[in-house]
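Trainee: I am new to this one. Can you show me the structure and take my questions?
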Amino acid sequence: MPVKKLTQYSFSRLDLYERCPWAYKKVILEGVPRVSNEAMVTGKMLHVLIADYLLRLINQKQQTDWQWAEGAAPKDASPDVLQIWQRFYNSFVLPPALEVYGVEHQLAFDRNWQPCEFSAPEAYFRMVVDFHFLQGDLAVVLDWKSNRVVPETVEKDLQLRTYGWGLKQVAHPDAQEILLRLHFLRYSKEREVLLEPQDLEGVPEILADKIKIIEEDQDYDPTPGSFCGLCGIPAHCPAMAQALMPIEVLAPATRDQAEKAASLLLTLQKMEKELAARLKEWVREHGVIHVGDMVYGPIRTISYGLDPQLVTSTLLEAGLSREQVWPLLSMTKTNLEKGLRKLKRQDLLKLTLTSASANDSEKIDFRKINS
Ligand code: SF4
């Protein structure tokens, strides 16, 4: 079947192609619906809630409206969404005196990269910006993130540069610089990156090159990897079907078979998390599930927040010696690193590690190629 070409692109479409051309072909060109995962549902719901809230604040000329926000969460929202939403409205204050702003601002550009209507037939590249406003000469752009991980720093990647470029063309042509602020909703933490005029140069050309590669692709080969658990179409994927079938995958003898086995293992690892999240949700609503002689359901555990100082003094008072007590307070490099980061004394990590004995070990696992 000939593959149809697209007439409209967006950054998320380009991103999907880069993650897996086969997923792009199925979802975008053939319209196969993606099975949504928990992260997608949470992100979508929060974006809608926040946009409604911001529009209300702007229209009412208020900086907060906790009473409205409290009653705004949908009844069917998950506990996760409710918790994140509550954290958001309790900490968010609308910057005062906004004159130029946009909430879920839809931007579109034609084939010559000139602004046009979002719904116009000539709209070739589209983007939606979560929230932006002007502060003097500075355009501020906020992107709501529901990720579970907050990076230490933010790169000026193509997605951020595309947002910056698009906004400068349409909404803030006089802004000297663009401040992109990623707001991590789960933790009320923000990461910022400042885009200067040179960062916006050449953005349409880069996007056009990427589109050209997509349009010239004849094969749309599947590329199994860390995205397999999130693509939402593994049931339509030949790589998955192939990986699951041959018996030699269970006992690989050649490199080719080993690659198939690794592909299967990676997919199972990624999917396990998703599957467990959905099953947990089901169990919470409908109760435990029996599988043969096993039961899948809640298991209660008690965890203790042990204070090292209190534990030490209790044990010393009970007659143990320091030599017996210290080894009980096991410390990991990760904990030490986290603790020092909280104290803003990461500089002490190296010094502390020099006093420790190092055990060199090896494990075989997946890692990103460039790490
Ligand atoms: S399962 Fe992996 S290889 Fe297959 S379509 Fe999804 S991302 Fe691509």
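Trainee: Among contacts between residues at least 6 apart in sequence, what share joins residues at least 24 apart?

Mentor: This is a predicted model, where local features need pLDDT of at least 70, side-chain atom pairs count only at pLDDT 80 or more, and totals for chains, interfaces and linings use all residues. Residues are numbered from 1 along each chain as its sequence is written, and side-chain values use heavy atoms, with hydrogens and water left out. A contact means heavy atoms within 4.5 Å. Of the chain's contacts between residues at least 6 apart, the share joining residues at least 24 apart is 63%.

Trainee: Is Ile84 buried or exposed?

Mentor: Ile84 belongs to helix H5 (residues 79-91). Helices (H or I, at least four residues) and strands (E, at least two) are DSSP runs, numbered from the N terminus. Buried means under 20% relative accessible area, exposed over 50%, partly exposed in between (1.4 Å probe, protein chains only). Ile84 has 3%, so the residue is buried.

Trainee: Which residues does Ile84 touch, not counting those up to four places away in sequence?

Mentor: Val325 sits 241 residues from Ile84 along the chain, and 40 Å separate their C-alpha atoms. The contacts of Ile84 are Thr42, Leu46, Leu185 and Arg186.

Trainee: Where is Lys61, and what is its phi?

Mentor: Lys61 sits in the loop between helix H3 (38-60) and helix H4 (66-72). With 76% relative accessibility, Lys61 is exposed. Most residues other than glycine have a negative phi. Lys61 has a positive one, near 55 degrees.

Trainee: And what is the phi of Ser188?

Mentor: Ser188 lies in the loop between strand S6 (177-184) and strand S7 (189-195). Its relative accessible area is 30%, so Ser188 is partly exposed. Ser188 is not a glycine, yet its phi is positive, at about 50 degrees.

Trainee: How many residues around the ligand are nonpolar?

Mentor: The shell holds Cys20, Trp22, Pro222, Thr223, Pro224, Phe227, Cys228, Cys231, Ile233, Cys237 and Met240, each with a heavy atom within 4 Å of the ligand. Ala, Val, Leu, Ile, Met, Phe, Trp, Tyr, Cys and Pro count as nonpolar, Asp, Glu, Lys and Arg as charged, and the others, Gly among them, as polar. No shell residue is charged and one is polar; the nonpolar ones number ten.

Trainee: What distance separates the centres of domain 2 and domain 3?

Mentor: Domain bounds come from an automatic or database domain assignment. Domain 2 covers 234-296 and domain 3 covers 308-354. Taken over C-alpha atoms, their centres are separated by 40 Å.
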